[in-house]
Amino acid sequence: MKKLFLALVAVFALSMTANAQNNLGIRVGGGQGYNTELSWQHGLGGNQLELDLGWHSDDGYTAFSLAGVYQWTGELASWGFGTLGWYAGLGVHLGYWNYEHADNHDFALGIPVQGGLDLKFSAIPIQLSLDIRPRLHLLPGDLYFHWGDIALGIRYCF
């Protein structure tokens with residue numbers, strides 16, 4: 001009975017994944033952010049979950065980040081070549097940074113809010129996005145707000 005239950009759960013999970021829209025690519029920002037993120041979006045019944053693994057390294061500073069954001073989505077316009085949509089969401093942000101010159105490192109925990117626009121093309125499986133992800137940092141130390149950076153995403157749709 002236990003094997004039958006596990007087999008049914010596996011079939012259900014695979015069918016959910018097979019019917020969902022997935023987008024995989026990169027999200028590139030600037031300024032104080034994580035500059036480059038590996039980005040995955042998974043469709044959830046008309047909305048989506050975005051997971052981004054980010055990294056930044058220069059001049060003795062290294063940072064890693066994992067952000068997960070549940071996003072509500074909608075369509076703004078549709079043309080022959082593609083569809084323009086919007087998304088807005090809320091999630092969690094985990095990070096680690098290290099300043100080698102100052103022997104300073106720490107972990108971060110925050111609550112990001114993300115909003116943006118995406119363009120999905122009809123003829124090719126590509127999505128372009130432009131968004132911003134400000135966040136409230138809960139750890140380390142005192143609460144503080146970071147406005148985030150504007151980021152451009154390019155993802156393969158499957």
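At 38% relative accessibility, Tyr144 is classed as partly exposed, because this value lies between the 20% limit for buried residues and the 50% limit for exposed ones. The structure described here is a predicted model. Tyr144 belongs to strand E9, which spans residues 144-146. Apart from neighbours within four places in sequence, Tyr144 is in contact with Arg135, Leu136 and His137. Its C-alpha atom is separated by 9.4 Å from that of Gly110, a residue 34 positions away along the chain.

The loop between strand E8 (135-139) and E9 contains Pro140. The peptide bond leading from Leu139 to Pro140 is cis, with an omega near 0°. In general, most peptide bonds are trans.

Ser129, located in strand E7 (residues 126-132), has a relative accessible area of 3% and is therefore buried, the criterion being a value under 20%. With residues up to four places away in sequence left out, Ser129 touches Tyr87, Leu117, Asp118, Ala151, Leu152, Gly153 and Arg155. With Arg155, the side chain of Ser129 also forms a polar contact, made to the Arg155 side chain at 2.9 Å. The C-alpha atoms of Ser129 and Gly85 are 9.2 Å apart, and the two residues are separated by 44 positions along the chain.

Strand pairing was examined for E1 (residues 22-28). Strand E1 runs antiparallel to E2 (residues 36-44), to which it is joined by seven bridges. Within this pairing, Gly25 has Ser39 of E2 as its bridge partner. Strand E1 is also joined to E10 (residues 150-157), again in antiparallel orientation, through six bridges. Here the bridge partner of Ile26 is Ile154 in E10.

The largest pocket has a volume of about 270 Å³. Its lining comprises 16 residues, and those nearest the centre of the pocket are Gly46, Gln48, Thr73, Asp118 and Lys120. Asp118 is also among the residues touched by Ser129. At least two lining residues are supplied by each of E2, E3 (47-58), E4 (61-78), E5 (82-99) and E6 (104-121). Strand E5 makes the greatest contribution to this lining, with four residues. Classified by residue type, the lining of the largest pocket consists of ten polar, three nonpolar and three charged residues.

Conventions
Residues are numbered from 1 along each chain as its sequence is written. This is a predicted model: local features need pLDDT of at least 70, side-chain atom pairs count only at pLDDT 80 or more; totals for chains, interfaces and linings use all residues. Side-chain values use heavy atoms; hydrogens and water are left out. Two strands pair if DSSP finds at least two bridges between them. Buried means under 20% relative accessible area, exposed over 50%, partly exposed in between (1.4 Å probe, protein chains only). Contact means heavy atoms within 4.5 Å. A polar contact is a pair of N or O atoms within 3.5 Å; within protein, one must be able to donate a hydrogen and the other to accept it, and residues adjacent in sequence count only if both atoms are side-chain atoms. On a 1 Å grid over the protein atoms alone, a cavity is a set of points where a 1.4 Å probe fits but cannot get out, and a pocket is an open set with protein on both sides within 12 Å along at least five of seven lines; lining residues have an atom within 4 Å of a point. Grid points are joined across faces, edges and corners, and a volume is the space filled by probe spheres set on the points. Ala, Val, Leu, Ile, Met, Phe, Trp, Tyr, Cys and Pro count as nonpolar, Asp, Glu, Lys and Arg as charged, and the others, Gly among them, as polar.
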